[in-house]
Amino acid sequence: ATYAKPVTIAGTVRNGTNKNAPLPGALVELTQPGDGGKNKIIATARTDASGRYAFPARDLSDKDLLFVN
């Protein structure tokens, strides 16, 4: 497989029902498709007081497909 440069996956979780305010303490899961159609959790993070999260840099193959839930 061909590998890309390590990437950091980061973002902000917002509460769409509360004026799009940042959502502190939310659980964020980094998943990838697994066997039988069930996603496999490969990392978790909690948002900070400003709703921000980040997963450390990861080496990904060009075939990796990741989801942030």
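**Close-up views of an all-strand predicted model**

View 1. Of the 69 residues in the protein, 22% are buried, where buried means under 20% relative accessible area, exposed over 50% and partly exposed in between, with a 1.4 Å probe and protein chains only. This is a predicted model, in which local features need pLDDT of at least 70 and side-chain atom pairs count only at pLDDT 80 or more, while totals for chains, interfaces and linings use all residues. Residues are numbered from 1 along each chain as its sequence is written, and side-chain values use heavy atoms, with hydrogens and water left out. The protein has seven strands and zero helices, these elements being DSSP runs numbered from the N terminus (helices H or I, at least four residues; strands E, at least two).

**View 2. The largest nonpolar core.** Nine residues make up this core, namely Ile9, Val13, Ala26, Val28, Leu30, Ala43, Ala45, Tyr53 and Phe55. The elements that give two or more residues to the core are β4 (27-33), β5 (39-46) and β6 (52-58). A nonpolar core is here a set of buried Ala, Val, Leu, Ile, Met, Phe, Trp, Tyr and Cys residues joined through side-chain atoms within 4.5 Å.

**View 3. The surroundings of Val13.** Once its neighbours within four places in sequence are left aside, Val13 is in contact (heavy atoms within 4.5 Å) with Ala21, Pro22, Leu23, Ala26, Val28, Thr47, Gly51 and Tyr53.

**View 4. The aromatic pair.** One aromatic pair is found when the whole structure is searched. Its members are Tyr53 and Phe55, whose rings are edge-to-face at 5.9 Å centre to centre, with 65 degrees between the planes. Rings of Phe, Tyr and Trp (its six-membered ring) pair if their centres lie within 6.5 Å, and planes under 30 degrees apart count as stacked, over 60 as edge-to-face and the rest as tilted. Tyr53 counts as buried because its relative accessibility is 13%, and Phe55 counts as buried because its relative accessibility is 2%.

View 5. Among the bridge partners in β5, Asn39 is that of Pro33 and Ile41 is that of Thr31. Five residues lie between the strands of this hairpin, and Gly36 in the turn has a positive phi of about 70 degrees.

Definitions and conventions: Pairing = 2+ DSSP bridges.
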